[in-house]
Amino acid sequence: MTLEVLSEIINAKRVSGSNDAGVEIYEAFASDLMSDVLTLDMHNPMLITGLSNLQTIRTAEMADINVIVLARGKKASPEMIELAQELNIFILETEFSVFKTSGILYQNAIKPLY
Amino acid sequence: MLNLEYTIEGGNFSDAGKASSDIKKTLKQLSIDYALIKRTVVAVYEAEVNVVAHARQGTLSVEINTRQIKIVVDDHGPGIEDIDKAMQAGYSTANARVREMGFGAGMGLPNIKKNTDELNISSQPGQGTRLEMIINLS
């Protein structure tokens, strides 16, 4: 799924990342626990989270995640956006909860990791 | 052979991960295998967050040669009373601030062990902790 389509179905606004040519989402993982995210062995899943701080971006960097969905109305701070831009990480913000975001994406064929 | 040195400031969550980020960039430049880079940076980042979360100050040094990546993290902090217990998944002494950052669930040390080929932990309660991690390149 392209970022454009994905953003549309979860009603999300993109606040970081500009050139999304070739970015396709196939799998996602939802967690507020960054240590849990760091245990993932898969390449390039999308992260759906309610945790919005600099360590969310750092964790994505280490775990090779390049798309983060901040759910439940969480906003990325200017520092988060700056770091995400530098690392070429896309941040999407949605008012939907983690559960609703995950449910919609699951229904639209985004696969879980486990 | 390449050596990298970093200082980590305890309690400074804004900078937590900066050393790991720099190490990742260096390993990429050295064209090290993707899976090995990921294992290394996940282990280093968990260790870096541990220093920020628990210690007053720490140093992180990396030695890369053709055979292995060796990382030593030395901190001045409370130390670990019972290392076996700290290695158990789910055991944590982290405070609320650490948990707000998405850590402190007692997964750090087990995750470091999972991602390294060798892990040695020594600690002096009340003084500090030293982690030696090795990732084999061949």
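Good morning. Please keep in mind throughout that we are looking at a predicted model.

I begin with the interface. Chain B brings 23 residues to the contact and chain A brings 22 residues. Putting the two chains together buries about 2000 Å², and carbon and sulfur atoms give 52% of that area. Which residues of chain B lose the most area to chain A? They are B:K38, B:Y45 and B:M107, which together make up 26% of what that side buries.

Turning to polar interactions, 18 residue pairs are in polar contact between chain B and chain A, with both residues at pLDDT 80 or more. On the side of chain B that touches chain A, the elements giving two or more residues are α1 (18-29), α2 (34-54) and α5 (108-115) of chain B. Of these, α2(B) gives the most, with six residues. Sorted by class, that side of chain B has ten nonpolar, six polar and seven charged residues.

Five strands form an open sheet in the order β1-β2-β3-β5-β4, and the pairing is antiparallel. At the edges stand β1 (2-9) and β4 (118-124) of chain B; each has a single partner strand, so one side of each is left without a neighbour in the sheet. On average, neighbouring strands of this sheet are turned by 10° against each other, direction ignored.

Within that sheet, β3 (residues 68-76) and β5 (residues 128-136) of chain B pair in the antiparallel sense over nine bridges.

The hairpin of β4(B) and β5(B) has three residues between the strands, and in it B:G126 takes a positive phi near 90°.

Chain A comes next. What is the order of the six strands in its open sheet? The order is β1-β5-β4-β3-β2-β6 (chain A), and the pairing is mixed. The edge strands are β1 (13-16) and β6 (111-112) of chain A, each of which pairs on one side only. Strands β4 (residues 67-70) and β5 (residues 90-93) of chain A pair in the parallel sense over four bridges. In that pairing, A:I68 has A:I91 in β5(A) as its bridge partner.

Two helices of chain A pack on this sheet. Helix α4 (residues 78-87) touches β1, β4 and β5 of chain A, and its direction makes about 75° with that of β1(A). Helix α5 (residues 98-107) touches β2 (27-30), β3 (46-49), β4 and β6 of chain A, and its direction makes about 145° with that of β3(A).

To close, I return to the two sheets and the contact. The sheet of chain B has antiparallel pairing, whereas the pairing in the sheet of chain A is mixed. Between the chains, about 2000 Å² is buried, and the salt bridge of B:K114 and A:D41 is found at 3.4 Å, N to O. Thank you.

Technical notes. Residues are numbered from 1 along each chain as its sequence is written. Chains are lettered from A and ligands numbered from 1 in the order in which they are written. This is a predicted model: local features need pLDDT of at least 70, side-chain atom pairs count only at pLDDT 80 or more; totals for chains, interfaces and linings use all residues. Side-chain values use heavy atoms; hydrogens and water are left out. Contact means heavy atoms within 4.5 Å. Buried area is the accessible area (1.4 Å probe) that two parts lose on being put together, summed over both. A salt bridge is a side-chain nitrogen of Lys or Arg within 4 Å of a carboxyl oxygen of Asp or Glu. A polar contact is a pair of N or O atoms within 3.5 Å; within protein, one must be able to donate a hydrogen and the other to accept it, and residues adjacent in sequence count only if both atoms are side-chain atoms. Ala, Val, Leu, Ile, Met, Phe, Trp, Tyr, Cys and Pro count as nonpolar, Asp, Glu, Lys and Arg as charged, and the others, Gly among them, as polar. Two strands pair if DSSP finds at least two bridges between them. Axes are lines fitted to C-alpha atoms, for helices over the stretch in contact, and angles run from 0 to 180 degrees between N-to-C directions.
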